[in-house]
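Please open the structure in your viewer and keep the sequence beside it, so that each selection can be followed in both places.

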Amino acid sequence: MNALRAARIGIGGPVGSGKTALVEQLIAEFARRHRSVSVITNDLVTEEDAERVRRSGLIDPARVRAVEAGGCPHTVIREDPSLNIAMADRLEAEFPDTEVLLLESGGDNLASTFSRDLVDYWVFVIDVAGGDDIPRKRGPGVVRCDLLVVNKIDLAQYVGADLQLMLKQADDVRGGRPIVCTNARAGIGIGEVVDVFDHEVLFG
């Protein structure tokens, strides 16, 4: 990580997996740990996710910016991340105290990955309601991300998902790299996510 700028952490995953809820909980947890955060969201043609975060009351709304991809969400986080890089540079220039910059991707499929030119570390979010077979499908997002977050663990019993099998198969395809279970709406597992960031990207 470049010590002259904030740690840039990407957060990707399918539509409905809970990315924005995770971002909101991370903002709150970083605040409890006295860390300064800014946020960039990505959507196709709207600022809906950015507006949600601005209205949350968890962060100065001026610290939340939106990038409109206008097409495939992969493009602005992987193939040509120049729009996000420019926005990140601008946001950090305006708020030089930023220690952590969270970049939420637009909702996409299991193939979503981040360019290393854009982020120092990236998280992929899946949820149990999407099916416990997600890990064994070996999507690039699941396999390549630095940290896999398995969200909505509270729903496993209601959707017939085998959470333990899901975690075992995720561990198999990821070769032992970090996996954290969360219920982002309830704040469960968020501290553990930030602990991983502390160890692997912020103070590792």
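What you see is a predicted model, in which local features need pLDDT of at least 70 and side-chain atom pairs count only at pLDDT 80 or more, while totals for chains, interfaces and linings use all residues. Residues are numbered from 1 along each chain as its sequence is written, and side-chain values use heavy atoms, with hydrogens and water left out.

The C-alpha trace spans about 45 × 35 × 30 Å along its principal axes.

Now switch to a surface view and ask how much of the chain is buried. Of its 204 residues, 56% count as buried, where buried means under 20% relative accessible area with a 1.4 Å probe, counting protein chains only.

Next, select residues 19-32, which form helix H1. From its first C-alpha to its last, H1 reaches 20 Å, close to the 20 Å expected at 1.5 Å a residue, the expected span being 1.5 Å times one less than the number of residues.

Is H1 enclosed or open? Because 12 of its 14 residues are buried, H1 is largely enclosed by the rest of the structure; the buried residues include Leu 22, Val 23, Leu 26, Ile 27 and Phe 30.

Finally, step just past H1 to His 34, which takes a positive phi of about 60°.

Conventions
Buried means under 20% relative accessible area, exposed over 50%, partly exposed in between (1.4 Å probe, protein chains only). Helices (H or I, at least four residues) and strands (E, at least two) are DSSP runs, numbered from the N terminus.
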